[in-house]
Amino acid sequence: MQIPHDTRRALDVVVDLVNTAPEPGGPDGLMDVGALRVFVQQHEISDVGELGARDLAGVRAVRGRFAQIFSATTTREAAGVVNDLVAAAGTTPRLTDHDGYDWHVHYFAPGASVGDHIAADCGMALSFILVSGERERLRRCEAPDCRRAFVDLSRNRSRRYCDSRTCGNRLHVAAYRARRKEAAE
């Protein structure tokens with residue numbers, strides 16, 4: 001599946017944003033405005049002004065809507081959430097070539113809040129996945145103690161874990177040890 005650079009970056013933002021949601025009993029990855037500022041800087045989200053409590057609330061609301069897309073059981077359900085997000089953000093497609101990147105499309109309106117910015121650009125990236133019939137690539141980790149989101153970009157859509165080095169290896173080692181224990185008994 002060919003995914004343009006800007007769409008891939010937007011999908012990374014979606015996944016990382018959804019994964020900031022607190023797990024039961026765990027901390028919120030967007031605990032305060034400072035954490036939001038770090039998130040924006042790490043993902044090089046452009047055209048973001050001074051951040052405040054209102055921005056934090058807006059991004060948390062968008063995060064919840066993105067999580068609904070990962071748990072949607074049908075493309076129609078996921079598309080409804082994407083449509084609501086993009087419409088509420090007031091998308092304004094425009095071509096841009098900034099920060100050393102070639103021409104690409106931004107969907108957020110100039111001067112948009114960071115929540116609307118993320119909802120518009122990332123919502124459109126998700127819409128491209130849905131339009132291409134690839135909703136099943138939007139997944140949650142299959143490790144029993146992990147429900148992190150990820151986009152399966154493997155050629156044969158076979159990725160099962162958010163990170164093969166952590167969740168995948170941990171489960172493979174546990175299965176190996178269980179087989180060895182069973183064989184020893």
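In this predicted model, helix α1 buries Thr7, Ala10, Leu11, Val13, Val14, Val15, Leu17 and Val18. The structure holds twelve salt bridges, and several of those described below involve residues from Glu134 to Arg157. Arg148, in the loop between β3 and β4, is treated separately.

**Helix α1**

- An α-helix has 3.6 residues a turn, so residues three or four places apart point the same way.
- Among the buried positions of α1 are Thr7, Ala10, Val14 and Leu17.

**Salt bridges**

- Arg137 forms a salt bridge with Glu134, with 2.8 Å between the closest N and O atoms. Both Arg137 and Glu134 are buried.
- Glu136 is bridged to Arg157, the closest N and O atoms being 2.9 Å apart. Glu136 lies in the loop between α5 and β3, and Arg157 in the loop between β4 and α6 (164-184), so this pair ties together parts that are 21 residues apart in sequence.
- Glu136 counts as partly exposed because its relative accessibility is 35%; Arg157 is also partly exposed, with a relative accessible area of 32%.
- A further salt bridge joins the side chains of Asp152 and Arg139, at 2.9 Å from N to O. Since Asp152 belongs to the loop between β4 and α6 and Arg139 to strand β3, the pair ties together parts that are 13 residues apart in sequence.
- Asp152 and Arg139 are both buried.
- Through shared partners, salt bridges join Glu134, Glu136, Arg137 and Arg157 into one network.

**Arg148**

- Arg148 lies in the loop between β3 and β4 and, at 36% relative accessibility, counts as partly exposed.
- Beyond its neighbours within four places in sequence, Arg148 is in contact with Asn19, Arg139, Arg140, Cys141 and Cys162. One of these contacts, Arg139, is the partner of Asp152 in a salt bridge.
- Arg148 and Asn83 are 65 residues apart in sequence, and their C-alpha atoms are 24 Å apart in space.

**Aromatic rings**

- The structure holds one aromatic pair.
- The charged end of Arg94 sits over the ring of Phe108, at 4.9 Å from the ring centre.

Methods. Residues numbered from 1 in each chain as written. Predicted model: local features only at pLDDT ≥ 70, side-chain atom pairs only at ≥ 80, totals over all residues. Heavy atoms only, no water. Buried < 20%, exposed > 50% of the residue type's maximum accessible area, 1.4 Å probe, protein only. Helix = DSSP H or I, 4+ residues; strand = E, 2+ residues; numbered from the N terminus. Phe/Tyr/Trp six-rings, centres within 6.5 Å; stacked < 30°, edge-to-face > 60°. Lys NZ or Arg CZ within 6 Å of the ring centre and 35° of its normal. Contact = heavy atoms within 4.5 Å. Salt bridge = Lys/Arg side-chain N within 4 Å of Asp/Glu carboxyl O.
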